[in-house]
Amino acid sequence: MVDVKRFLEPTLKNTLVHRIDPRTKLIVLIMVSIVSITIDNPTSLVGLFALSLIGYPLARIPGKNIKLLVILLALLIWGTIYSQALFYQLHPRTILFTILDENAFGLKWEGLHVFAEGIEYGAVQSMRLSTTTTLALLVYWTTDPSAMLSALIALKVPYGLAFMVITALRFVPLLIGEAVTVFRAQRLKGYAPFKPTNGFRTIFLALVPILANCIRRAAKLAVSVEGRSFQPHAPRTSFKGNRLDFKPLDKLLIAGSFLALPVLFGKLVYWLYTNNILYFSELRWVYAFAEKYI
Amino acid sequence: MIDVDIASFTYPGQFKAALKDIRFRITPGECVLIAGPTGCGKSTLLKCLNGIIPHASEGTLAGTVHMNGSDTQTVPLARMAGMVGMVQQNPDDQIFSLVVEDEVGFGPENLCLPVAEIDRRIDTALSQVGMQPYRKHRVDALSGGQRQRIVIASILAMQPAVLLLDEPASQLDPKGAREILSVMARLSAESKRAMVLVEHRIHEVAHLANRFIIMDQGRIVLDADRQTVFQKHIDLFHHLGLRLPETVELFHRLDLDDQPLTTDDALTALRKNLKRKDEPRHAAPGRAAPDMKTGDRPPAITIDDLWFAYEGQNWTLKGVSLGISQGEIVALLGNNGSGKSTLLLQMCGILKPARGEVSIFGGCITHKKPESLVGDVAVVFQDPGLMLCCDTVEKETAFGPGNLNVAPAEIDKRVRETLTVMTLSDMAAKAPQSLSGGQRLRAAVASVLSMQPRIVLLDEPTSGQDRRNIKGFMEHLKTLSGEGITSVFITHDMETALEFAHRIIILDHGTILADGKPATIFADGDTIAQTSLKPPQTMALCAGLGLSPSFCVAELADRIRRGDGPWLM
């Protein structure tokens, strides 16, 4: 049996990625997420996904974590493509093969088919999700939770929300362990949590104890932190030096992440053009670029 | 230093006040033990002392708490930190950083102290709890006891005038608990600051406290120094179901004036007060404490050469073999990592052996799904809250039988009976998650007993429970045992294991270190010495007096009065 909890703790190393200011990491994550949502071109999306992987060898992320990432991505890609291939609703759509025909079970219905466009659409969606997931996990695995809290507050995220996010992240390993116990308890009471027909009921039955425990624990952590004089917007010293410090690399990364803006602009004007809303002949090179790469 | 004058405190939505007429004063150097049955208001009082009430917890507070002359209602919580620090039960709920020095330095950083001073405070605080060598270590690589010591260090680094400890050892294994108790003893001896300690295990911390505040139903029913408490108020402890040091209890039962807190002191005092017989006869065996002839009963659980390892780790269980008969009550003891919980999960089929075999009622379950054992085997996990997923206690109790397709009329009958047995009938309509810790445990147990299992497995059911809850619960297991139902429970509570288990199994690094009757196990000093287990004081006294083992203080007192063994009153 795999001890999932062990894979979900942040790693502590002194690599280039670990040293990046947490604010920079968050800004890059947000920008890359925006770009991945904006882009429709599969090749560009694969390129963006490949870029998001670069940080892993640089951060010397352990093999066991990489294994977890691969499993997560495999499930995500397979799940997204599979569901879109079967349930793609837009037209035109081309049937690649049929699982159940229109007369199956003696009913007159649409049948169950795998659509070529659905596979392509699912692949695009899965690349978007994979890019964001990959980068988010890299940020999580390479950032100390207390530094992350300081970063969120510095980025003007409301304290309550910032603390909630960090508490959730801090407790991810514990939550996984608790979810395992909840499902075990349910199975030993004769309930089948993973039976397909129990889907929503399982979610509800699992959420009740997990959330109740989470709330109890968050309250205790808040007391522990505030009981040690932590105040969201008060100044504090750091005996290890300021962990929120924009170094040249941070500035470079933030500048790079703002490449998202031209991508957004290109997508916008291309959309205005293709929807016959606005056209500028001077921007033909932009339309051509957007059509080919965005 | 602390001046408490609370007329009442009431939680929102409640009519009954959680605290009433609480008035006391604590001075520097005092170590005050606050005790009382579950729900008596101990934790609420601690929250008032460190300002969580009213700053971070809603409710109506009538009265004041002054800390070093400052009214806690007017001083912001973050500024209270320099005056008062609080250690809670579970270290995992309090630790925020990943590295030891970051965690200990977190508070001083918030105080904006100079870097050199923060560095010095980290060193000093870690030294105070004996964790200086671990300064650069990852927190998650430490044991439970070490993590709790880091929590204490992180509070000490704030240099508070008052240290509040809310059952700091209740979630730890014997080794961790011993580490924490030793740190508390050291801090108590320093006498620089006031210490306020809330603890169910009064018998283990009584020697640290010089003053006792006993609470019941939100009121202080006794506030006195230790000597007075043990001289004049032992009946109050009995009345409230609180646990006394066994040595104090014994001397009270023997009408002796001394109140020794340690076994050595008790032995010295007993030798002084008792007369040695001229012709010492062979000590008669202890009265029939829980005992059963296991050979007479058919097997419930049989484990043969069981090996198991979690992926990528060393063997957790190494060739474990044992047999448990129907109706037996078995206690599994051992430190964290010894394989107790893993063994329990093997018994219910959740984990599968890498080698060897597990059989339930003679049938091998190695290749069976745990669902196939439902109805025969039930498990209560360490955190009962995780087992409660329904809207009401009644629905929770009906959940298991419902899944087993039991007829509705039969479910209703079982629910009624189980709730009555677990004294939950008047809470049937309440949400299980809104209950107190002890009530949640009873609800979790009710939810599995309604399935009428023939084997009940319990992971630390005594953790964080007061004596009254533990006793009521264990008595119920004894009743079930009479009906042929087998119980296997993990515990760190030696007295409970000794008093209620037919048999004790001690695990150590994945192997069975000892397996036998409680008296035999605790009489084997060599085996006990290999673990961090501390035999109950009664057993140590019997050994010291040359008596055969007794299972509880009452029995030992009777035997001494009767002149059993080499001593006469």
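Which element do the buried residues of α10(A) pack against? They pack against α11 (199–226) of chain A, where helices (H or I, at least four residues) and strands (E, at least two) are DSSP runs numbered from the N terminus.

## Basis of the model

This is a predicted model, in which local features need pLDDT of at least 70 and side-chain atom pairs count only at pLDDT 80 or more, whereas totals for chains, interfaces and linings use all residues. Residues are numbered from 1 along each chain as its sequence is written, while chains are lettered from A and ligands numbered from 1 in the order in which they are written.

## Chain A

Chain A is divided into domain 1 (1–143) and domain 2 (155–236), with bounds that come from an automatic or database domain assignment. The C-alpha centres of these two domains of chain A lie 24 Å apart.

Helix α10 of chain A (residues 172–187) has 16 residues and should span 22 Å at 1.5 Å a residue, which agrees with the 22 Å between its end C-alpha atoms; the expected span is 1.5 Å times one less than the number of residues. Among the buried residues of α10(A) are A:Glu178, A:Val182 and A:Arg187, a residue being buried if 20 or more other C-beta atoms, placed from the backbone, lie within 10 Å of its own.

## Chain B

The secondary structure of chain B comes to 22 helices and 22 strands. Its radius of gyration, taken over C-alpha atoms, is 25 Å, close to the 25 Å that the globule rule (2.2 Å times the number of residues to the power 0.38) gives for 569 residues, so chain B is as compact as a globular protein of that length. Along its principal axes the C-alpha trace of chain B spans about 70 × 65 × 50 Å, and buried residues make up 54% of the 569 residues.

In helix α22 of chain B (residues 553–562), the buried residues are B:Val553, B:Leu556, B:Arg559 and B:Ile560. They cover an arc of only 125 degrees around the axis, which puts them on the same side of α22(B), the arc being that of the directions from the helix axis to the C-beta atoms. These buried residues pack against α11 (246–253), α21 (537–545) and β22 (567–568) of chain B, and α22(B) is followed by B:Gly563, whose phi is positive, near 80 degrees.

## The contact between the chains

The contact takes 45 residues from chain A and 56 residues from chain B, two residues being in contact if their C-beta atoms, placed from the backbone, lie within 7 Å. On the side of chain A that touches chain B, α8 (145–154), α10 and α11 of chain A each supply at least two residues, and α11(A) gives the most, with 13 residues.

Conventions: Buried ≥ 20, exposed ≤ 12 C-beta atoms within 10 Å, placed from the backbone.
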